[in-house]
Amino acid sequence: MKSCKTGADHIKSLKDARTVYIDGKLVTDVTDHPAFRNAVKSAAALYDFQARPENIELMTFRPDGSNRRVNRAWQMPRNYSEMVRRRKAMQAWAALSFGFMGRSPDHVASTLVGQRMGLEVFQKHSSERAKALADYFEEASRNDYFLTYVIINPQAERAKDWGEQAEGLVARIVDEDSGGITIRGAKMLGTSSIMANEVLVANLQPLKPGEEDLAFSCALPMNAKGLRVLSRKSYEAAAISIFDNPLSSRFDENDALMYFEDVKVPWERVFVYRDTDMCRAQFHDTPGHSYQNYQAQIRLSVKIQFLTGLARRISEAIGTTGIPSVREQLGLLAAQSGMVNAMLAGMEAEGTMRGEWYVPNRHYMYSAQVLTQDLYPRVVNVLRELAGGALIMLPSSIHDFADADLARIIRATQRAANMAPDDKVKFLKAAWDAIGSEFGSRHTQYEMFYAGARFITAGHSFRTYDWDAATGMVDGLLATYELAGELAQLQPAGGKAARPT
Ligand SMILES: Cc1cc2nc3c(=O)[nH]c(=O)nc-3n(C[C@H](O)[C@H](O)[C@H](O)COP(=O)(O)OP(=O)(O)OC[C@H]3O[C@@H](n4cnc5c(N)ncnc54)[C@H](O)[C@@H]3O)c2cc1C
């Protein structure tokens, strides 16, 4: 047996007759389909990276009692230094896609790590369901599964409760027997699902009593009978070449609607069963939500650093780096990149023990979430401002270079102070792919919404802030004086208080 999972192992595991549709057709094999194959290769490259002898210690660990190493995302830190070590592995993985693979396997592994740390929350719900979760954690971690999750309901009519949506929309339990439950309906938006091994299906949005049919969580293999995956448009398929679209051609992790057409889930894989409050508790009373979103901030730290590097190169490409107002913009971006790193360091340094496990500071994590969902579109906008029309005045594709006469004109017109014309075109195409292409635009939407709309993320921040400490300071100030005493101060000795003018 190999010492840990490799890219070839992952690609082989995806040839499992899963039911994926794109452009009206059933995909027979995601690993060689033009819409997905390069993203699959990028996912496989993560496993090849961890399997390299020089990376194995950085990237993997050996779970207790196992003879095989698995990614450190599955490690449950017992102290600060184990948490930092785990984070360094995640940053190394994120760097392979420059932060553009938001749902790399370490994301949902982090959810499960946090939920497993809070097993007693599942035990209160049901000992069978807790056992199912603990057993599944063993299975998923020891096999180094790539998991995706769908924990959000299709948007539909937001003014109505989930239970009031049209019949057949939101995934729900429609039957059960001694073997398990049967689910029917949809969930959004399985990012990376086309190249994951399994999917965690849950409900993060609030449910109310009476909506028990919707109140479940479970795990399914991506080739489960009746699970249909409807992919969005593939940016990879639309990419002209790596030279034209260096990011979308390789890191389009995809998003997809998941439709469960009477899918049978065995009891051993049902973790929450008909309990509306437990749907919330599995994320919020365990460190599940903290750990998954801490991973998201780790990945974002890499992406923001990359965008800051892009900004610097844009200014070099068009020769504006020396202009004071441009340096100011770059300085601001550098500060924002530093802030994201500092928030990560804060989450770790101010973490706390939860039983035997070390967990990141929850409010710092939510602070980072709220601030960075605003920050991302602002950073993209600054890059656009710095660039002007250079991002657009580009050859239509690499094919223009194949025509000697056109190549001559391109080389005469793509001038830069310190970049050769070919390098300038290469760079600006990469910059546009990151911030302006359909792929780049999807990333702005992703960073703004993956953790919930603003009213949701700000709500988490509101709930977890230490209001007593903050308002206590205000009360402390107010306690240092009172009206009667201050009035008395205004009384001139032996005379009447002066009337305020
Ligand atoms: C690129 C991308 C990838 C994603 N990947 C995944 C994934 O892998 N797995 C997964 O489970 N989910 C995924 N999601 C879904 C994501 O979690 C949701 O988009 C997010 O939780 C927001 O929910 P929503 O889209 O229903 O928006 P809504 O909650 O409907 O918010 C949309 C807007 O409506 C308004 N609004 C709606 N309701 C209210 C209200 N009650 N009060 C005030 N304003 C309101 C606000 O203006 C808000 O900004 C992904 C989303 C995107 C964009």
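What share of the 501 residues of the protein count as buried? In this model, 55% of the 501 residues fall into that class, where buried means under 20% relative accessible area, exposed means over 50%, and partly exposed lies in between, as found with a 1.4 Å probe and protein chains only. The model is a predicted one, in which local features need pLDDT of at least 70 and side-chain atom pairs count only at pLDDT 80 or more, while totals for chains, interfaces and linings use all residues. Residues are numbered from 1 along each chain as its sequence is written, and side-chain values use heavy atoms, with hydrogens and water left out.

The protein contains 20 helices and 14 strands; these elements are DSSP runs numbered from the N terminus, helices being H or I runs of at least four residues and strands being E runs of at least two. Taken along the principal axes, the box filled by the C-alpha atoms is roughly 100 × 70 × 50 Å. The accessible surface comes to about 22300 Å², and 56% of it belongs to carbon and sulfur atoms, the areas coming from the Shrake-Rupley method with a 1.4 Å probe, with only the protein chains shown counting as cover for residues. Among contacts with a separation of 6 or more, 76% are accounted for by residues 24 or more positions apart, a contact being heavy atoms within 4.5 Å.

Val20 counts as buried because its relative accessibility is 0%. When its neighbours within four places in sequence are left aside, Val20 is in contact with Lys25, Leu26, Val27, Val30, Phe36, Ile194 and Val229. Val20 and Cys218, which are 198 residues apart in sequence, are 20 Å apart in space, C-alpha to C-alpha.

Helix 16 (residues 421-435) and helix 17 (residues 438-449) pack at an angle of about 40°, and their axes are 4 Å apart; here axes are lines fitted to C-alpha atoms, for helices over the stretch in contact, and angles run from 0 to 180 degrees between N-to-C directions. Helix 16 and helix 17 are therefore oblique to each other, given that angles under 35 degrees count as roughly parallel, over 145 as roughly antiparallel, 65 to 115 as roughly perpendicular and the rest as oblique. On the side of helix 16 the contact is made by Asp433, Ala434 and Ile435, and on the side of helix 17 by Phe439, Gly440 and Ser441. These residues divide into three nonpolar, two polar and one charged, where Ala, Val, Leu, Ile, Met, Phe, Trp, Tyr, Cys and Pro count as nonpolar, Asp, Glu, Lys and Arg as charged, and the others, Gly among them, as polar.

Side chains of opposite charge can pair when their charged atoms come close. The structure holds 36 salt bridges, each defined as a side-chain nitrogen of Lys or Arg within 4 Å of a carboxyl oxygen of Asp or Glu. In one of them, Glu198 pairs with Arg269, with the closest N and O atoms 2.6 Å apart. This pair links distant parts of the chain, since Glu198 lies in strand 8 (residues 198-201) and Arg269 in the loop between strand 11 (256-266) and strand 12 (270-273), 71 residues apart. Both Glu198 and Arg269 are buried. Another salt bridge joins the side chains of Lys303 and Glu447 at 2.6 Å, N to O, with Lys303 in helix 11 (residues 288-317) and Glu447 in helix 17, 144 residues apart. Lys303 and Glu447 are likewise buried. In a further pair, the closest N and O atoms of Arg411 and Asp422 are 2.8 Å apart; Arg411 belongs to helix 15 (residues 404-413) and Asp422 to helix 16, eleven residues apart. Arg411 counts as partly exposed because its relative accessibility is 36%, and Asp422 is partly exposed with a relative accessible area of 30%. Salt bridges that share partners also join Arg232, Asp252, Glu253, Asp255 and Arg442 into one network.

The backbone was also examined. The peptide bond from Met188 to Leu189 is cis, with omega near -5°, and Leu189 lies in the loop between strand 7 (180-187) and strand 8. Phe98, a residue other than glycine, has a positive phi near 60° and is found in the loop between helix 4 (80-96) and helix 5 (106-117). Asp262, which is not a glycine either, has a positive phi of about 50° and is found in strand 11.
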